[in-house]
Amino acid sequence: MENQVRVRFAPSPTGGLHLGGVRTVLFNYLFAKKHKGTFVLRVEDTDQTRFVEGAEDYIFDCLDWAGLPADESPRKPGDFAPYRQSERKPMYRQYAEQLIAQGNAYYAFDTPEELEKMRESLKTTENPSPQYDHRTRSQMRNSLNLSTEEVKALLDAGVPYVVRIKMPENETVHFTDLIRGDISHETNVVDDKVLLKSDGMPTYHLAVVVDDYLMKITHAFRGEEWLPSAPIHIMLWKYLGWEAEMPKWAHLPLILKPDGNGKLSKRDGERLGFPVFAMEWKDPKSGELIDGFKEKGFLPEAFVNLLVMLGWNPGTEQEIFTLEELSELFSLERVHKGGAKFDYEKAKWYNQQHIQRADNDRLAGLVKPYFEAKGISITDDQKLTEAVAMVKERCHLLTDFTEQASFLFQAPDHLDLDAVKPKWTTEKTAFFTEWSETLQDTANAADLEAAFTECAAKHGIKKGELMMPLRIMLVGGKFGPGVFDIITFIGAAETKKRVASALLLLA
RNA sequence: GCCGCGUUGGUCAAGGGGUUAAGACGCCUCCCUUUCACGGAGGAAUCACGGGUUCGAUUCCCGUACGUGGUACCA
C-alpha cells in the first residue's frame, strides 16, 4: 500500500494523563486501525525542567489499561528510533542551522531579564502582551541586528543564545484542517517563536516538525489548543523544503468542564467529585494522589466508549461500541468542531452498559480485590461469579459490587429494622420461627417461595407483610435481588442464622 | 487588547433551504417488580441575536454577542 498511514501521539511526561489526552490517543489509534496504518508513541521530553519521575511509565500503563497500545514507541522501537526527543537531541540542530543559513531563523542572545524588560516597557492596555516579532526584533540583541563579527564573537565566547524563527511579514498562511476546513493566519500577528533553546534542546515547534518529517507521519492529530501555533509549523515545513510531505492536520475539539467555563482540569474533577485522569496519579514530589477512571471502577472498554462519544458520533443511533467496532466505524468527518462539556452521569451510564455486557468471570476477577479490601475473603471464585451475575444490573461502577453483593457472603452488620419494627407482632415472630425451622437447602427459588406462601397462609398473615421483613433480615436494607434467590445462594443454614439473630433484635 | 476556533434542549448530539427538528444521559409520570435496580411506555425541554440571500431559513452569507484557545527558552 502506497502512502502508509502513520500517526503519532506525542505526550510530554509531566504528570497524570488527562481525559483529553486519552481521547487524542484513541482517535489516533482508531484512525490507524481503520487505515491499517501505524500508531506511534513519541515522548516529548524536551523540557528538562519539567522532568517527572515515573511519568513515562505511567503513560504506558494508561495505554495498556485502555487497550490502546502503540505500534512503535520507546519500548517497542520501529525503524525510526529513538522515540524520545531527549535522545534525539543531536538531530535538531542541523535544521535550525539550515534555517539560519537560509535567513529564516536567527540567533537571539537576549537574556530572560531583557525579554522581561521588553515586555514590560512595551506593555500597554491596548497590547497587554507584546511579542518578540517583526515589530520588536529590530530592537533586540540578535543576529539580525548585530554584525557577523559581533555574532561570531558572542558565539565563540559561549554566550547563551536561542534560535528563533523569523516570521515573514504580510503573508497569510493557509492550511486545510481535516475537521475544520480552511484555516488562515496572518503572519504579522505570529511571533518569532524560539526553535532551539539555550540548553540546545529544541522547543516543541521545531521538534514536532522535524520528528513528524523524519518519522514519516502522514496525519497529525492534536488538541485545538495547538491551532494558534499551526502557522509556525506550516512555515517550518515550507522553509525546510518538506512541504510536499507535510502531514494532514486535524485539531480536535476540547473537553470542557461540566459547569462554568474552560478546559477540564484535574482540579475540576476534585471539586466536582469525578476523575479526570485515566489512572490514578501520585505526584512524586508533592505526594498528592489524584483519582483515575480505572480506580473509580470503570471498565477500559467503557472508558474508551465514553471518550469517543465526546466529539465523535457514528451518525446512527448506536451508542455502545466495542473497540473493534469503533476501529471499523471511526472517521474524522464525523468529528465535531465544538468543545464538549464532560458529563459524569453519562459516563457512568456507559460503564453500566458495559458492565451488563461484560463476562461474569472477568467481572468477578476485577471485583474480587474490592471485596477483600472490605475484609470479605472470597474462597470460591465460582460463587463470586454467580453473585456478580445476580447483582450486575444495579452496578454502575465496579466499586458498586461490594455494596450490592457483600450480604451474599457475610451477614449484614446493620439491619434497617426501623422499616419493620412499628408493624412487628408476636405472630410474625412465630411465623419466622416456624418457617425457618422447615428450611432446607435447595436450588429452586420457586419451591422456597411456595413453602413461604403456604406457611404465611397457615399463620393467617399476608405474605406482603412478611417479604420486606425477610429481606431486611437477610440483606440489611431495602435493596437487592429477589429474596428467594438470595436464600438459595446463601443456603438454609445461613438464612436460619440471620433470621434468628434478627428475631432477637425484634423481640 | 490582539489573533484563531466555535455556538441545535441542563448535557452529549442527528439533521442541513420546505421536517411534527431524531436519539441518548439526566429529570418527571406510569407499567413491570410484594424491595432496589434493570427493562418498557409516556412527558417537560432546543436551533444565541440582528441583518441579508430566497417564494421559504435552524440550515447559505455578513455582522454582533457569548464561549473557548493562544498570545513562554511549556507542551
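Colleague: Hi! How many residues surround RNA strand B, and which are the closest?

Modeller: In this predicted model, 65 residues surround RNA strand B, and the closest are Glu126, Asn261, Glu319, Arg394 and Gly480. Sugar and phosphate account for 69% of the RNA strand B atoms that come within 4 Å of the protein.

Colleague: What kinds of residues are in the surface near RNA strand B: nonpolar, polar or charged?

Modeller: That surface divides into 20 nonpolar, 20 polar and 25 charged residues.

Colleague: And which helices and strands supply at least two residues each?

Modeller: The helices are H4 (112-122), H12 (344-357) and H18 (463-475), and the strands are E4 (162-165), E6 (181-186) and E13 (340-341). The largest share comes from H18, with five residues.

Colleague: Which part of RNA strand B lies 2.9 Å from a backbone atom of Lys341?

Modeller: A phosphate oxygen does, and the Lys341 atom is a backbone N or O. A polar backbone atom of Gly464 is 3.1 Å from a base oxygen of RNA strand B.

Colleague: Nice. Let's zoom out. What does the domain assignment give for chain A?

Modeller: It gives four entries: domain 1 (6-83 + 254-344), domain 2 (85-209), domain 3 (358-404) and domain 4 (417-506).

Colleague: How far apart are the C-alpha centres of domain 2 and domain 3?

Modeller: Those two centres lie 58 Å apart.

Colleague: Now aromatic rings. How many aromatic pairs are there?

Modeller: The count comes to 34 aromatic pairs. Take Phe431 and Trp435: their ring centres are 6.5 Å apart and their planes meet at 5°, so this pair is stacked.

Colleague: Where do Phe431 and Trp435 lie?

Modeller: Both are in helix H16 (residues 426-438), four residues apart, which is about one turn of the helix. Phe431 is buried, with a relative accessible area of 0%, and Trp435 is buried too, at 2%.

Colleague: What sort of pair do Trp435 and Phe452 form?

Modeller: Trp435 and Phe452 form an edge-to-face pair, with 5.2 Å from centre to centre and 90° between the planes. This pair links distant parts of the chain, as Trp435 is in helix H16 and Phe452 is in helix H17 (residues 445-458), 17 residues apart. Phe452 is buried as well, with a relative accessible area of 0%.

Colleague: Which residues do ring pairs link into a cluster?

Modeller: Look for Trp65, Phe274, Phe293, Phe298, Phe303, Phe342 and Tyr344, which ring pairs join into a cluster.

Colleague: Changing topic: how many disulfides does a search of the whole structure find?

Modeller: The search finds zero. As for individual cysteines, Cys62 counts as buried at 1% relative accessibility, and Cys395 is buried at 0%.

Colleague: What about Arg8: is it buried or exposed?

Modeller: Arg8 is buried, because its relative accessible area of 2% is under the 20% cut-off. You'll find Arg8 in strand E1 (residues 6-9). The side chain of Arg8 makes a polar contact of 2.8 Å with the side chain of Asp212. A polar atom of the Arg8 side chain also lies 3.5 Å from the backbone oxygen of Phe221.

Colleague: And where does Asp47 lie?

Modeller: Asp47 is in the loop between strand E2 (38-41) and helix H2 (55-66), and at 30% relative accessibility Asp47 is partly exposed. The side chains of Asp47 and Thr49 are joined by a polar contact of 2.5 Å.

Colleague: Last topic, the backbone. Which peptide bond is cis, with omega near -5°?

Modeller: That is the bond from Ala81 to Pro82, and Pro82 sits in the loop between H2 and helix H3 (89-102). Most peptide bonds are trans, and most residues other than glycine have a negative phi.

Colleague: What is the phi of Lys36, and what is that of Lys216?

Modeller: Lys36 has a positive phi of about 50°, and Lys216 has a positive phi near 55°. Lys36 is in the loop between helix H1 (19-34) and E2, and is exposed at 60% relative accessible area. Lys216 is in the loop between helix H6 (204-214) and strand E8 (219-223), and is exposed at 55%.

Technical notes: Residues are numbered from 1 along each chain as its sequence is written. Chains are lettered from A and ligands numbered from 1 in the order in which they are written. This is a predicted model: local features need pLDDT of at least 70, side-chain atom pairs count only at pLDDT 80 or more; totals for chains, interfaces and linings use all residues. Side-chain values use heavy atoms; hydrogens and water are left out. A residue is near a molecule or strand if one of its heavy atoms lies within 4 Å of it. A polar contact is a pair of N or O atoms within 3.5 Å; within protein, one must be able to donate a hydrogen and the other to accept it, and residues adjacent in sequence count only if both atoms are side-chain atoms. Ala, Val, Leu, Ile, Met, Phe, Trp, Tyr, Cys and Pro count as nonpolar, Asp, Glu, Lys and Arg as charged, and the others, Gly among them, as polar. A disulfide is a pair of cysteine sulfur atoms within 2.5 Å. Buried means under 20% relative accessible area, exposed over 50%, partly exposed in between (1.4 Å probe, protein chains only). Domain bounds come from an automatic or database domain assignment. Rings of Phe, Tyr and Trp (its six-membered ring) pair if their centres lie within 6.5 Å; planes under 30 degrees apart count as stacked, over 60 as edge-to-face and the rest as tilted.
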